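Subject: Structure handover

Hello,

Please find the structure below. My notes on it come after.

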Amino acid sequence: MNITVTDVAQTRLTDLLGARAESDAVAFAPEYDRTLNGGNEVEPVEEICAGDVLEARTRVTDLSLRASRLGQMLVIVQETVFTRQSDGAVVARTRKTSLRY
C-alpha cells in the first residue's frame, strides 16, 4: 500500500500543527497523541474475483481543526482507491476519518 501526503495536505498539516514533514513521513505534534475512528465509508465499484491482485493508493484529502470537549481536535480524512493490476480498473474506494486529540 502506498500512502502519499500531497503537497497541499502537507502544507495544511504544517500550518495546522507546526509539524515538520520529511518526504512522505509526517510527525504529529505531541498534543495529538490519541486517535479515534471518526467513520469509514466503502464504495464498491466493480466485482473482484479470487486471484485478482489489487493495488491500494491512499491520500489525505482533508485536514481541519475543530473544537471538542477535550480541546482542539485534528480531523484527517483519507481516501484509498483500489485498482485491479491486470486491467487498471478501479474496483473500490474507501474514505476514513480519523480524529486526533
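What follows is a short account of what was found, starting with confidence and ending with single residues.

Confidence

Please keep in mind that this is a predicted model. The mean pLDDT of the protein is 81, and 70% of its residues reach 70 or more. Over residues 1-5 the pLDDT is below 50, although this stretch has 15 contacts in the model beyond near neighbours in sequence. Another stretch to read with this in mind is residues 19-24, where pLDDT stays under 50. For residues 19-24 the model has eleven contacts beyond four places in sequence.

Nonpolar core

The largest nonpolar core has five residues in all: Y32, V60, L63, L74 and I76. Strand 5 (54-68) and strand 6 each supply at least two residues of this core. As background, nonpolar side chains in soluble globular proteins tend to be buried together.

Salt bridges

A search of the whole structure finds nine salt bridges. One of them joins R93 and E43, with 3.7 Å from N to O. R93 belongs to strand 7 (residues 90-100) and E43 to strand 4 (residues 35-44), so this pair ties together parts that are 50 residues apart in sequence. How accessible are the two partners? R93 is partly exposed, with a relative accessible area of 27%, and E43 is also partly exposed, at 31%.

A further salt bridge is formed by E46 and R84, whose closest N and O atoms are 2.8 Å apart. E46 sits in the loop between strand 4 and strand 5, while R84 is in strand 6, so the pair ties together parts that are 38 residues apart in sequence. E46 is partly exposed, with a relative accessible area of 39%. R84, on the other hand, counts as buried because its relative accessible area is 10%, and buried means under 20%.

R84 has another partner: its side chain meets that of D87 in a salt bridge (3.2 Å, N to O). D87 is partly exposed, with a relative accessible area of 48%. Elsewhere, salt bridges that share partners join E41, E43, R59, E79, R93 and R95 into one network.

T83

Is T83 buried or exposed? T83 is buried, since its relative accessible area is 18% and the cut-off for buried is under 20%. T83 is found in strand 6, which covers residues 71-84. Leaving aside neighbours within four places in sequence, T83 is in contact with V53, L54, E55, G88, A89, V90 and V91.

Y101

Where is Y101 found? Y101 is in the segment after strand 7. Y101 is partly exposed, with a relative accessible area of 24%. Y101 and L70 are 31 residues apart in sequence, yet their C-alpha atoms are 7.5 Å apart in space. L70 is also among the residues that Y101 touches, when residues up to four places away in sequence are not counted.

Regards

Notes:
Residues numbered from 1 in each chain as written. Predicted model: local features only at pLDDT ≥ 70, side-chain atom pairs only at ≥ 80, totals over all residues. Heavy atoms only, no water. pLDDT = per-residue confidence, 0-100. Contact = heavy atoms within 4.5 Å. Helix = DSSP H or I, 4+ residues; strand = E, 2+ residues; numbered from the N terminus. Buried < 20%, exposed > 50% of the residue type's maximum accessible area, 1.4 Å probe, protein only. Core = buried A, V, L, I, M, F, W, Y, C linked by side-chain atoms within 4.5 Å. Salt bridge = Lys/Arg side-chain N within 4 Å of Asp/Glu carboxyl O.
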